[in-house]
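This report describes selected local features of one protein structure, taking up a sheet, a loop residue and the pockets in turn.

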Amino acid sequence: MTTIIDSHAHLWLQQYAELPDGGRVRQLANGRADFFGEERQMLPPFMIDGRNSAEVFLSNMDYAQVSAAVITQEFIDGNQNAYLEDVQQRFPDRFLCCGMCHYLRPGFLSEAEHLIERGFSAIAIPAHRLPLEGEQRVWLNSGEMLEMFRLMERKGIILSITLAPGTLQVKEMEDVIAACPNLKIAIGHFGMVTCPGWQEQIKLARHPNVMIESGGITWLFNSEFYPFEGAIDAIKEAADLVGIDKLMWGSDYPRTITAITYRMSYDFVLKTDRLTDAEKRAFLGENACRFYGFGSLPDLPYIKNMSE
């Protein structure tokens, strides 16, 4: 059985967010949310209380034979540091949880120091949702950002970051990588693969400390749906650009499983004949195990479905 590790997932007990642009997200009943004034199906409808808990995710992981997961953070879910600290302490062998700072105001460096003291081994920046224009723009290569990245580099803390579509923040990331050549960086959403210029984000993984994870790739190719041949095209193109050893699978759970099952978010990779067995093993788990440093992983036997 291929070892499978999810490099991009989310957890929360309550979803409540105020975004930099004034947008709001509020959880509603039956897995729905008020998303910027529009009612959207944020969770599968059986999650009727809006709780996206570690226990429910572990049940999904065990069923789908996913050994471990990286829990990143997104502004649209609200800050989940308190809950994720608890999750990390209770399930240290299954989850690596990212802390998140308030990057819109000075002083987030001290927040990062506190998160590291609390035991977080990774910090997330949803950089695609930072203010990107005018005087309010938050630059990834600003003074305080670079101080935070140097701190993370010294402490061995991983950066989980998603960038704005295209090339807008690529030069900033090049500056960060030059300043912190030993900072381990995972770039999410497969470089926003369906947007022009996505390959420039992928090329950042030509640096030895940078990896690419595919969280949300089934969402980005949702219009073509399963078996996501466009996503396979993208994985092959990215492998040609940087090597399969720089690419990691991620699901973007739970939002993606409103359309597909959790197992479907990776088994289109297992079932394709366009990747070798070695490429599948590397992409689905081996690269993430090496990059994130997961140790002993559980043996998860296949459980036969009643429909089989």
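## Basis of the description

Helices (H or I, at least four residues) and strands (E, at least two) are DSSP runs, numbered from the N terminus. The model is predicted, so that local features need pLDDT of at least 70 and side-chain atom pairs count only at pLDDT 80 or more, while totals for chains, interfaces and linings use all residues. Residues are numbered from 1 along each chain as its sequence is written, and side-chain values use heavy atoms, with hydrogens and water left out.

## A loop residue

Ser67 lies in the loop between helix 1 (54-64) and strand 6 (68-71). With a relative accessible area of 7%, Ser67 is buried (under 20% relative accessible area, with a 1.4 Å probe and protein chains only). Leaving aside residues up to four places away in sequence, Ser67 touches Thr3, Ile4, Met61, Arg94, Leu297, Pro298 and Leu300, where contact means heavy atoms within 4.5 Å.

Four strands form an open sheet in the order 2-3-4-5, with antiparallel pairing; two strands pair if DSSP finds at least two bridges between them. The edge strands, each pairing on one side only, are strand 2 (16-18) and strand 5 (38-41).

Strand 3 (residues 24-27) and strand 4 (residues 32-35) run antiparallel and are joined by 3 bridges, and Arg26 stands opposite Asp34 in strand 4.

## Pocket linings

The lining of the largest pocket divides into 9 nonpolar, 9 polar and 5 charged residues, whereas that of the second largest pocket has 8 nonpolar, 3 polar and 2 charged residues. Here Ala, Val, Leu, Ile, Met, Phe, Trp, Tyr, Cys and Pro count as nonpolar, Asp, Glu, Lys and Arg as charged, and the others, Gly among them, as polar.

Notes. Buried means under 20% relative accessible area, exposed over 50%, partly exposed in between (1.4 Å probe, protein chains only).
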